[in-house]
Amino acid sequence: QSPPSFGLLSVSPAVLSVLVAVASLRYDFAIPIAGERTNAVHLVVLSIVLALISSLALALVILVWGPQLASLLGVLPLVQLLWLLPIALFVASTTQALASWAVYERSFEAVGRMRAVQGLGQAICQAVFGVVQAGPPGPMAGCLSGPSLGPPHPPRSPVAGPLPPAPRLLTLSPPPHPALGRRAVLARPPP
């Protein structure tokens with residue numbers, strides 16, 4: 001690939017990472033710390049709906065001002081591929097919300113597998129597009145394919161029926177003396 005192709009490669013993930021940061025208004029950050037399961041489910045749904053709205057708004061902006069936007073970003077050779085950005089934005093934002101749900105469910109293995117598959121898949125896509133000499137669109141398509149690879153499969157769906165509550169890490173114990181008050185202690189795992 002040529003140096004301009006690598007320059008274009010750096011623009012694509014930069015723009016996508018900024019858009020992903022604002023697509024769901026960062027409600028996905030609140031999912032792992034939600035106190036109740038219903039709140040976490042509502043946050044997952046809200047994050048995905050906001051990602052969809054943001055992606056549709058971006059698609060409209062690209063439809064109306066695509067060439068001007070490509071010229072402003074200095075990626076005029078990629079004007080024909082700007083339609084990939086809304087798709088990649090929705091997929092990346094949804095994947096982020098599902099990864100946060102997996103953290104809420106304490107399924108860290110799923111998050112680790114997802115990140116490994118995404119990184120490896122993105123590198124393979126970029127290498128394949130480089131070998132077939134796809135030109136400047138190749139690195140961008142390879143870069144934008146990363147978020148779509150390996151979304152986590154939550155151990156339990158956020159919209160499934162009721163589940164037992166997540167185990168508590170801290171509990172309040174009775175005071176050793178009435179004047180001392182209650183204190184937090186590490187909870188013992190259930191038998």
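Mentor: Helix α2 has 37 residues, yet its end C-alpha atoms are only 42 Å apart, which falls short of the 54 Å that a straight helix would reach at 1.5 Å a residue. Bear in mind that this is a predicted model, and then look along α2, which covers residues 37-73, to W65, where there is a kink of about 90° shortly before the proline P67. W65 also belongs to a nonpolar surface patch of about 520 Å², which it makes together with L60, V61, L63 and V64. Once α2 has ended, the chain continues with G74, whose phi is positive, near 75°.

A102 counts as buried because its relative accessibility is 0%. Leaving aside residues up to four places away in sequence, A102 touches S107 and V111, while I31, 71 residues apart from A102 in sequence, lies 9.4 Å from A102 in space, C-alpha to C-alpha.

As for the whole protein chain, its secondary structure comes to 5 helices and 2 strands, and from the N terminus on these elements run α-α-α-α-α-β-β. Buried residues make up 33% of its 191 residues, and of the contacts with a separation of 6 or more, 67% are accounted for by residues 24 or more positions apart. The accessible surface of the protein chain comes to about 11400 Å², and 71% of that surface belongs to carbon and sulfur atoms.

Definitions and conventions: Residues are numbered from 1 along each chain as its sequence is written. This is a predicted model: local features need pLDDT of at least 70, side-chain atom pairs count only at pLDDT 80 or more; totals for chains, interfaces and linings use all residues. Side-chain values use heavy atoms; hydrogens and water are left out. Patches are made of residues with over 30% relative accessible area and no salt bridge: like charges are joined within 9 Å, nonpolar side chains (Val, Leu, Ile, Met, Phe, Trp, Tyr) within 5 Å. Accessible areas come from the Shrake-Rupley method with a 1.4 Å probe; for residues, only the protein chains shown count as cover. A salt bridge is a side-chain nitrogen of Lys or Arg within 4 Å of a carboxyl oxygen of Asp or Glu. Helices (H or I, at least four residues) and strands (E, at least two) are DSSP runs, numbered from the N terminus. The expected span of a helix is 1.5 Å times one less than its number of residues. The bend at a residue is the angle between axes fitted to the seven residues ending there and the seven starting there. Buried means under 20% relative accessible area, exposed over 50%, partly exposed in between (1.4 Å probe, protein chains only). Contact means heavy atoms within 4.5 Å.
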